[in-house]
Amino acid sequence: MAVKENLRPGGRSARVQASVHKAVRELLAEMSRAEVTIPLIAGKAGVTPSTIYRRWGDLQALLADVAVERLRPDMQPVDAGSGSADLEAWAEQYAEEMSSGPGREMIRDVLAAQAGANACKCCEYTRQQIVVIAERAKARHGPFPDVDLVMDQVVAPIMYRILFGDVPDTARVRDLVARVMNTAD
C-alpha cells in the first residue's frame with residue numbers, strides 16, 4: 001500500500017503523521033527494531049492502530065516512510081569553492097552518513113518496503129543535492145559533469161559498497177569524484 005500524501009498540510013493528517021513518525025523514532029531509540037509493533041507505535045502516538053494500518057498498510061511501509069523523511073537533506077551542500085571541492089565534500093559526507101549504523105538501517109527500511117516510491121524519493125533527494133552543486137559550479141563558470149553521470153559514477157558505487165561490501169573509505173570516494181570530474185573538462 002502506498003503512503004498517501006497529506007491532503008491538508010498542517011491539518012489533522014499532518015499532525016497524525018508527525019505524531020506517528022515521532023513515536024517510531026522514539027521507540028527505535030528505546031528498543032530493538034524487532035520489538036517495535038504497530039500497537040506500541042499507536043499507543044505512543046495517541047492514535048488507534050487502525051489509523052496506522054489505514055494510512056501506511058503495514059509496519060514496513062511505516063518504517064520506510066519514517067526513513068525517507070529522515071533521509072531528506074536538511075541543508076544545502078557545503079560550498080567548498082569549486083564544483084570538484086563541493087562534490088568531494090558532499091560525497092564524503094554522504095558516504096559517511098549512509099554507511100553509519102542508522103544510515104544503513106534507514107536504507108534497509110526504504111528498500112524493504114513493498115512500494116518503490118520511497119526509494120525513488122531518496123534518489124530524488126540525492127539528485128537534488130547534485131543539481132545544487134552543478135548549478136553552483138556553472139555559476140562560477142567551472143566545469144561540472146552531467147548530473148546523471150555523477151549519480152552513476154559517484155553515488156551508485158558508494159551505495160553499492162554500503163549495501164554489499166565495506167564502507168567506502170575517503171580515498172575511494174575522492175577517486176570516484178576525481179574520475180567523474182575528469183569527464184567534465
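In which helix is Q17 found? Select helix 1, residues 12-30, and Q17 is there. One caution before going on: this is a predicted model.

**Stop 1**

Show the side chain of Q17. Is Q17 buried or exposed? Its relative accessibility is 13%. That is under the 20% cut-off, so Q17 counts as buried. The side chains of Q17 and R55 make a polar contact at 2.6 Å.

**Stop 2: an annotated stretch**

Select residues 37-56 next. The UniProt annotation "DNA-binding region" covers this range, and it comes from an unreviewed entry. Colour the range by secondary structure. The chain here is 80% helix and 0% strand. Draw a distance between the end C-alpha atoms of the range: they are 13 Å apart.

**Stop 3**

Turn to charged pairs. How many salt bridges does a search of the whole structure find? The search finds 14. Select R174 and E92 for one of them. Their closest N and O atoms are 2.6 Å apart. Which parts does this pair tie together? R174 lies in helix 9, residues 170-182, and E92 lies in helix 5, residues 83-99. The pair therefore ties together parts that are 82 residues apart in sequence. R174 is partly exposed, with a relative accessible area of 41%. E92 is partly exposed as well, with a value of 23%.

**Stop 4: D175 and two arginines**

Stay in helix 9 and select D175 with R172. They form a salt bridge, with the closest N and O atoms 3.6 Å apart. The two residues are 3 apart in the helix, about one turn. D175 counts as partly exposed at 28% relative accessibility. R172 is also partly exposed, at 26%.

Is R179 buried or exposed? R179 is exposed, with a relative accessible area of 52%.

Jump from there to another set of charged side chains. Select K22, E26, E30 and K44 together: salt bridges that share partners join them into one network.

**Stop 5: the cysteines**

How many disulfides does the count come to? The count is 0. A pair would need its sulfur atoms within 2.5 Å.

C120 counts as exposed, at 54% relative accessibility. C122 counts as buried, at 15%.

Technical notes: Residues numbered from 1 in each chain as written. Predicted model: local features only at pLDDT ≥ 70, side-chain atom pairs only at ≥ 80, totals over all residues. Heavy atoms only, no water. Salt bridge = Lys/Arg side-chain N within 4 Å of Asp/Glu carboxyl O. Helix = DSSP H or I, 4+ residues; strand = E, 2+ residues; numbered from the N terminus. Buried < 20%, exposed > 50% of the residue type's maximum accessible area, 1.4 Å probe, protein only. Polar contact = N/O pair within 3.5 Å; in protein donor to acceptor, adjacent residues only side chain to side chain. UniProt positions renumbered as here; feature names shortened; annotations may be inferred.
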